[in-house]
Amino acid sequence: MSNIDLTPLYRTMVGFDRMANMIDTASRLDGTQGYPPYNIERSGENAFAIEIAVAGFTEDDLDIETKEGQLTVAGKKGENEDGDGREYLHRGIAQRSFIRRFQLADHVIVTGAHLDHGVLRIDLVRELPEEKKPRKIEIGSDAAASKPKLIGKKAAGNAA
């Protein structure tokens with residue numbers, strides 16, 4: 001596998017270091033990111049859900065954290081749990097520890113998580129700040145052209 005040197009990006013792109021970090025992180029990923037399997041679902045215009053198959057894990061074994069726009073789900077299982085006296089002829093249910101990371105878009109927040117039948121569901125919602133939402137601008141006649149009027153949100157300068 002070839003390595004990509006992103007040092008020139010860091011030297012020439014001021015303020016774009018987050019994007020360069022994302023490219024650098026994505027370039028380091030290899031094909032071992034298959035465990036545990038997951039689904040990403042859109043459940044509404046601004047609502048999403050991530051479902052992760054975590055068979056054999058309990059709520060105490062799982063840790064969910066968001067930091068700087070990144071959602072991290074970690075599952076910690078004891079390395080040797082064969083002390084329960086069971087002898088496995090075949091062990092096909094993987095219960096190894098894992099860390100799965102998801103990069104969240106701007107203004108996406110986690111609203112909840114629950115574990116049901118071995119599937120961890122994490123609910124997300126995109127909440128745009130009021131100043132980022134689209135606004136209608138009223139079209140007036142030439143007489144009213146000297147004073148623009150915004151519809152939907154009071155402008156600071158429009159108090160009469």
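# Close-up views of a predicted protein chain

**Figure 1. Contacts across the whole chain.** In this predicted model, residues 24 or more positions apart account for 48% of the protein chain's contacts with a separation of 6 or more. A contact means heavy atoms within 4.5 Å. Two helices and nine strands make up the elements of the protein chain. Their order from the N terminus is α-α-β-β-β-β-β-β-β-β-β. Helices (H or I, at least four residues) and strands (E, at least two) are DSSP runs, numbered from the N terminus. Residue numbers start from 1 along each chain as its sequence is written, and side-chain values use heavy atoms, without hydrogens and water. Local features need pLDDT of at least 70 and side-chain atom pairs pLDDT 80 or more, while totals for chains, interfaces and linings use all residues.

Figure 2. The accessible surface of the protein chain is about 12500 Å². Carbon and sulfur atoms hold 51% of that surface. Areas come from the Shrake-Rupley method with a 1.4 Å probe; for residues, only the protein chains shown count as cover. Of the 160 residues, 18% count as buried. Buried means under 20% relative accessible area, exposed over 50%, and partly exposed in between.

**Figure 3. The largest nonpolar core.** This core has 16 residues. Ile52, Val73 and Ile122 touch the most other members. At least two core residues come from each of β2 (47–53), β4 (70–75), β5 (98–103) and β7 (119–126). A nonpolar core is a set of buried Ala, Val, Leu, Ile, Met, Phe, Trp, Tyr and Cys residues joined through side-chain atoms within 4.5 Å. Leaving out residues up to four places away in sequence, Ile122 touches Phe48, Ala49, Ile50, Ile52, Ile64, Leu71, Val73, Val110, Gly112 and Ala113.

**Figure 4. Asn46 in its loop.** Asn46 lies in the loop between β1 (38–42) and β2. Its relative accessibility is 31%, so Asn46 counts as partly exposed. Leu124 is 78 residues away from Asn46 in sequence, yet 8.4 Å away in space, C-alpha to C-alpha. Not counting residues up to four places away in sequence, Asn46 touches Leu124, Val125 and Arg126.

**Figure 5. The open sheet β3-β4-β5.** Three strands form this open sheet, with antiparallel pairing. β3 (62–67) and β5 are at the edges with a single partner strand each, so one side of each has no neighbour in the sheet. β4 and β5 pair over six bridges. Strands pair if DSSP finds at least two bridges between them. Phe98 in β5 is the bridge partner of Gly75.

Methods
Buried means under 20% relative accessible area, exposed over 50%, partly exposed in between (1.4 Å probe, protein chains only).
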